[in-house]
Amino acid sequence: MTQAPVSIAQRYAAADAFLGNALGDLIDNADIAPRFVDGGLFYRTGNRLDQHYRLLDLSTRKEREVASTASLLAALSAAKGETVSLDSARITEVEYDPAKDTLKLRAFDGALWSIDAAGKAAEIEKVDHRKLDLLSPDGKTRIIARAFNLIAVDVASGREVALTTDGTREQPYGRSIPELSDILREGTEEPAMPVSALWSPDSRYLLSWRLDTREVRKLWITQQNPPGEFYPRSFSYIYPLAGAEKLPQATRFVIDMKAAMKAGKARIVPIQMPAESILYPSPPDMGWVDGKPRMQWAERGYAQQAVYTADPKTGEARIVAHEVVKPVVTVTSSALMSAPELGGELAISERSGWAQLYLVRPDAPDGGTALTQGQWEVLSVDNVAQDKSSLIVTGVGREAERNPYWRALYKVPVDGGALTELTPEPLDHDAHVSPDGAWIVDQMSSPTSPTRAVLRDGKTGRIVMELAKADDSRLRAKGYTAPEPFKGLAADGKTPIYGMILRPANFDPKRSYPVIDNVYTGPTTTDVPATWSDARRVGGNSLAQIGAIVVMIDGTGTSRRGQAFRLPAFQNLGEVGLDDHIALIRQMAAKYPYMDATRVGVFGGSAGGYDTARFVLRRPDFFKVGVSASGNHDLRLDKTWWPEVSMGNPDTATWERNSNMSVASQLKGHLLLIHGDIDDNVPITESFRLAKALIDAGRDVDMVVLPNTTHRVNQPFFFKKLRDYFTQYLLGESPPPLGPVKPVAGQ
């Protein structure tokens with residue numbers, strides 16, 4: 001029997017109930033957040049409303065409750081002198097020190113608090129606490145920044161030694177590019193910045209760098225509604241842009257601090273390696289290994305990567321690991337990691353076409369010993385055995401009969417030999433390895449199998465004890481319809497691809513439902529949930545409640561399935577995966593006729609916002625309605641690193657071909673652009689420029705600018721507009737009316 005219609009107001013209420021914390025509060029043990037502490041394992045059970053923090057003694061397997069949500073709130077309430085609610089406390093990052101029997105956590109506005117064994121809470125670090133200077137490991141010398149230069153201060157006497165003297169705004173020493181969030185917080189284009197440098201472990205040398213932003217084009221931001229101010233304010237700022245002719249440059253140097261403090265002046269020793277383009281407002285990769293500076297370097301457009309080590313006395317540098325893969329080194333699928341205990345660098349490299357692990361030694365930086373091989377991918381190195389005989393790595397796709405996105409842990413012999421799978425269950429394994437490699441906490445699940453958290457022996461993978469099991473019975477009691485994984489074929493008719501179907505609560509197969517594609521084709525990652533918890537917490541669960549079926553799809557061009565699978569994305573972000581999404585939606589609708597493939601919408605944020613507009617513009621007869629949030633509609637107006645990972649550094653015509661502005665005239669349906677006015681990741685100019693292109697092409701466009709909103713647009717008004725747009729243009733219904741008008745006080 002067909003169920004009685006549910007009003008749109010009731011469906012919106014259900015969407016609220018299945019959104020964010022509201023949904024998570026109905027699930028127990030979704031994530032135990034394990035942390036290895038001295039001699040034990042600290043983890044949590046329950047849910048946000050009733051969390052229980054436990055300590056397991058790994059030697060005896062005895063456990064005890066250390067704290068609970070109730071005890072944390074009681075301690076914070078006592079410290080504040082008033083009753084503190086869970087929502088006002090906003091507790092995060094709970095940690096425990098067994099030796100001191102002390103908890104640390106972030107609360108309220110993000111300040112750091114401690115709670116002692118007696119349950120007494122105290123604020124120990126303000127939220128705006130920023131450590132700007134840099135103290136040497138021996139505590140004798142402090143590095144400060146002043147007028148774009150570095151100064152050393154003798155802690156005992158206060159004597160200052162100028163380490164640099166010719167720094168300028170465009171060429172500062174030891175100062176990174178200010179992020180937009182810093183500029184807005186402090187209300188100045190030159191906010192206070194922490195010293196960007198690294199002491200050698202013996203306090204002898206200082207490794208730092210000099211930034212050069214001369215001739216680099218700046219962006220402008222206008223904040224129309226600054227909190228506490230009546231007038232707008234504008235700032236210019238540096239944001240390295242993809243495809244830009246000139247990027248900020250970084251050159252590294254070393255200072256012998258012992259000699260500088262003795263002489264009262266410093267000698268700058270340049271590191272003899274190429275300057276590096278800064279691709280994001282962050283410092284270049286630098287560190288110390290075995291008493292020498294270690295620096296990672298990337299050529300513009302990711303044509304190559306290298307690791308240099310240098311003599312701190314002379315600055316003479318050499319390449320100890322070098323990575324070149326055509327057409328680009330995909331840094332989101334590869335890595336170069338220092339491994340001095342193994343005598344070199346560990347490289348996750350796609351040189352075979354699959355991300356495999358190699359040990360690269362300094363005498364052969366372009367070579368390396370293959371530690372793994374095959375048509376699967378290594379995602380991370382989780383542990384190096386204390387005896388250096390083996391590694392523990394996380395990989396995907398090795399077991400042919402499983403979902404290729406499910407993670408597994410493997411023990412890898414350093415001197416060759418067969419791998420040992422430490423997590424044999426055919427599920428996804430979200431695992432954490434103890435620093436000594438003796439223990440593994442494994443939260444294993446699939447979208448259809450609840451999370452089971454266990455403690456494993458790190459050597460054999462044997463399950464030692466159960467820790468917790470997830471439970472969504474309270475969620476299901478509210479009519480929640482569990483997500484369904486879906487496997488089909490790409491547009492080529494032969495390549496397997498994977499998706500997810502999210503149905504509304506109290507789903508009725510006798511009804512017809514429009515389809516909404518929650519898209520993110522970004523080749524740097526995957527989108528379809530592989531875990532039980534993620535499948536229940538994705539935003540599509542909420543949107544489906546308006547009376548639609550939401551789908552998620554990983555088409556060709558995405559990650560974790562080898563270079564050939566992802567290469568269709570190379571210099572082709574505007575087309576990749578588009579027809580795969582259409583193909584899989586049609587296959588879903590063929591299996592489930594209640595999915596109406598003539599009423600299809602699409603939504604996404606960031607790169608998914610770019611995809612959303614692209615889908616509506618390039619396939620207007622299939623995707624009728626789109627809501628694009630924070631979209632990077634022209635990749636040349638985005639930070640350099642993200643587009644160039646998949647685009648390299650191409651010519652203008654290639655950038656233009658991938659711009660949504662170039663296809664604005666193809667719009668037939670309805671497109672809503674949503675953007676935060678102070679977006680610090682994708683500048684709002686992207687949406688303004690697409691809006692103009694649509695207007696210039698004689699097309700219609702809807703746009704919402706969210707005041708004082710960064711890249712994270714998730715807020716009540718965003719969700720209202722998202723639901724309203726699909727309700728009106730895809731469901732053909734009227735959104736719920738607004739509440740009553742509130743009278744103005746005194747009128």
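Reader: In which sense do β36 and strand β37 pair?
Author: This is a predicted model, where local features need pLDDT of at least 70, side-chain atom pairs count only at pLDDT 80 or more, and totals for chains, interfaces and linings use all residues. Residues are numbered from 1 along each chain as its sequence is written, and side-chain values use heavy atoms, with hydrogens and water left out. Strands are DSSP runs of E, at least two residues, numbered from the N terminus; helices are runs of H or I, at least four. Six bridges link β36 to β37 (residues 496-502), where a pair needs at least two DSSP bridges, and the sense is antiparallel.

Reader: Which residue in β37 stands opposite L489?
Author: β36 and β37 form a hairpin with six residues between them. In the turn, G493 has a positive phi of about 80°. Across from L489 stands P496.

Reader: Which residues make up the covered face of β36?
Author: β36 spans residues 484-489. Its uncovered face holds P485, K487 and L489. The covered face is E484, F486 and G488.

Reader: What is the bridge partner of L346 in β26?
Author: β25 (residues 344-349) and β26 (residues 356-360) run antiparallel, joined by five bridges. They belong to an open sheet of four strands, ordered β24-β25-β26-β27. L346 has as its partner L359.

Methods. Buried < 20%, exposed > 50% of the residue type's maximum accessible area, 1.4 Å probe, protein only.
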